[in-house]
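Biologist: Please show the model first. After that, I have some questions about how the chain packs.

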Amino acid sequence: MKTIKILALCAIACMLAVSCGKKKEVPVVEEAQPEVYQPRHEHIVVDLNNIQTYNYYNAPAAEAATSVAVNYDEKILYQPVKIKYGYANGDTYTYVISDQFSLWENEAGRLRVVSDNEGTVWLQGQTKAGKFCEFVFYGDPKYNGKKIKPNSYRNLPAGEIKYCK
């Protein structure tokens with residue numbers, strides 16, 4: 001019986017030694033993954049009911065656009081016209097002029113659409129109601145509020161835009 005007690009005490013001592021000797025598990029902290037930027041794609045439809053004769057639209061972002069594309073079909077008079085700005089971070093911003101607007105041709109037969117390397121776009125035409133209007137869209141905020149002098153005859157096929165002081 002003494003032997004059983006001694007063996008029991010040894011077993012208890014061994015279990016205590018083993019349980020005290022175990023290393024505590026340290027919770028693994030996962031490193032925060034950098035959040036991946038999700039590009040934004042915004043668009044605005046130009047309200048032709050509230051337009052003036054001359055309509056200026058400031059740059060849609062604080063940084064300059066890296067690209068601009070003007071989409072229209074030269075053969076269709078009244079159609080949507082889209083001006084799409086692209087940015088370095090993948091964002092896009094699109095202006096849509098509805099099919100109630102038609103671009104005019106100059107005397108050389110070219111549509112009155114001019115864009116430059118600064119992201120400025122100039123359009124001239126009329127609404128279906130017969131109202132003459134011009135649109136100027138800026139792609140670089142440094143030109144916001146500046147008047148321009150477009151020329152659809154020079155620097156073909158892009159045309160030319162001069163900024164007034």
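Modeller: Helices (H or I, at least four residues) and strands (E, at least two) are DSSP runs, numbered from the N terminus. This is a predicted model, in which local features need pLDDT of at least 70 and side-chain atom pairs count only at pLDDT 80 or more, while totals for chains, interfaces and linings use all residues. Residues are numbered from 1 along each chain as its sequence is written, and side-chain values use heavy atoms, with hydrogens and water left out.

Biologist: Which pattern does the protein chain follow, read along the sequence?

Modeller: The protein chain has one helix and eleven strands. Read along the sequence, their pattern is α-β-β-β-β-β-β-β-β-β-β-β.

Biologist: Where is T120 found, and is T120 buried or exposed?

Modeller: T120 is in the loop between β7 (113-115) and β8 (121-127). Buried means under 20% relative accessible area, exposed over 50%, and partly exposed in between (1.4 Å probe, protein chains only). T120 has a relative accessibility of 0%, so T120 counts as buried.

Biologist: What joins the side chains of T120 and Y163?

Modeller: Contact means heavy atoms within 4.5 Å, and residues that T120 touches, not counting those up to four places away in sequence, include F137, I161 and Y163. A polar contact is a pair of N or O atoms within 3.5 Å; within protein, one must be able to donate a hydrogen and the other to accept it, and residues adjacent in sequence count only if both atoms are side-chain atoms. What joins the side chains of T120 and Y163 is a polar contact of 2.6 Å.

Biologist: Why is the pair of Y95 and F137 tilted?

Modeller: Rings of Phe, Tyr and Trp (its six-membered ring) pair if their centres lie within 6.5 Å; planes under 30 degrees apart count as stacked, over 60 as edge-to-face and the rest as tilted. That rule gives a count of twelve aromatic pairs. For Y95 and F137 the ring centres are 4.7 Å apart, and the pair is tilted because the planes are at 40°.

Biologist: How many residues apart are Y95 and F137?

Modeller: Y95 is in strand β5 (residues 92-97) and F137 in strand β9 (residues 132-137), so the pair links distant parts of the chain, and the separation is 42 residues.
Y95 is buried at a relative accessible area of 4%, and F137 is buried at 0%. The number asked for is thus 42.

Biologist: How many residues apart in sequence are the parts that Y143 and Y163 tie together?

Modeller: Y143 and Y163 form a stacked aromatic pair, 4.0 Å centre to centre with 15° between the planes. Y143 lies in the loop between β9 and β10 (148-151) and Y163 in strand β11 (residues 160-163), so the parts tied together are 20 residues apart in sequence. Y143 is buried at 12% relative accessible area, whereas Y163 is partly exposed at 22%. The separation asked for is 20 residues.

Biologist: How far apart in space are N55 and C133, C-alpha to C-alpha?

Modeller: N55 lies in strand β2 (residues 54-57) and is buried, with a relative accessible area of 8%. Leaving aside neighbours within four places in sequence, N55 is in contact with C133, E134, F135 and V136. N55 and C133 are 78 residues apart in sequence, and their C-alpha to C-alpha distance is 7.5 Å.
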